[in-house]
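Please look over the sequence and the structure shown here, and then read the short report that follows.

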Amino acid sequence: MPDIEIHASAWRMVEVGRVVLFTHGQYLGRLAVIVEIIDHKRVLVDGPSKKENNQVPRHAVGLNNMIITPIVIPKLPRAAGRGPVAKAWEKAEVDSKWDQSAWAKRRDQREKRQGLSDFERFKVMKLKKQADLAPTAASFAASNSKLSPASSYPSTQTSGMYRAQAI
């Protein structure tokens, strides 16, 4: 029988030191780190962010109220106190890693768009259409410049009846 090695994906593994994002409740949208695993449904988290409105006090929370992120604080000891967790948070630069992630950028953009008025949403739509058409207009102008001048084409006369169709 052949030897088969099965490797689990470490990206979404619940582990001590894994950074989580709250999806429900009082701390919606805030980051915290898993400090201790209580059971298969609950963990003890702590969020010592430098941003005052993003801090999360140490408490037990269900795993169904959060999303596990790919950010990990390496070698965080189990049940570490608030001081060591804060030092490890700063050393791992969790806030800057999160701010640079595409996930955080999409969330910020979504929040900004949700706060727009109807007229501001209309302006965004018009700007997006303009941006979509800009490459098309430039490529159309470039392709037309390759054609020979209009004077080299034979003149075509159309009768009045078909003039509207020819234009």
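## Paired strands

Glu36 has Leu44 in E3 as its bridge partner. The strands E2 and E3 (residues 42–47) pair in the antiparallel sense over 4 bridges, where two strands count as paired if DSSP finds at least two bridges between them, and with 4 residues between them they form a hairpin. Strands (E, at least two residues) and helices (H or I, at least four) are DSSP runs, numbered from the N terminus.

On E2, Ala32 stands opposite Val20, and 3 bridges join E2 to strand E1 (residues 18–22) in an antiparallel arrangement. Strand E2 (residues 31–37) is mostly covered, since 6 of its 7 residues are buried, with buried meaning under 20% relative accessible area, exposed over 50% and partly exposed in between (1.4 Å probe, protein chains only).

## How the model is read

This is a predicted model, in which local features need pLDDT of at least 70 and side-chain atom pairs count only at pLDDT 80 or more, while totals for chains, interfaces and linings use all residues. Residues are numbered from 1 along each chain as its sequence is written, and side-chain values use heavy atoms, leaving out hydrogens and water.

## Positive phi in loops

Most residues other than glycine have a negative phi. Lys75, although not a glycine, has a positive phi of about 55°; Lys75 sits in the loop between strand E5 (66–72) and helix H1 (82–91), and counts as exposed because its relative accessibility is 84%.

Glu93 is likewise not a glycine and has a positive phi of about 55°, and is found in the loop between H1 and helix H2 (94–100).
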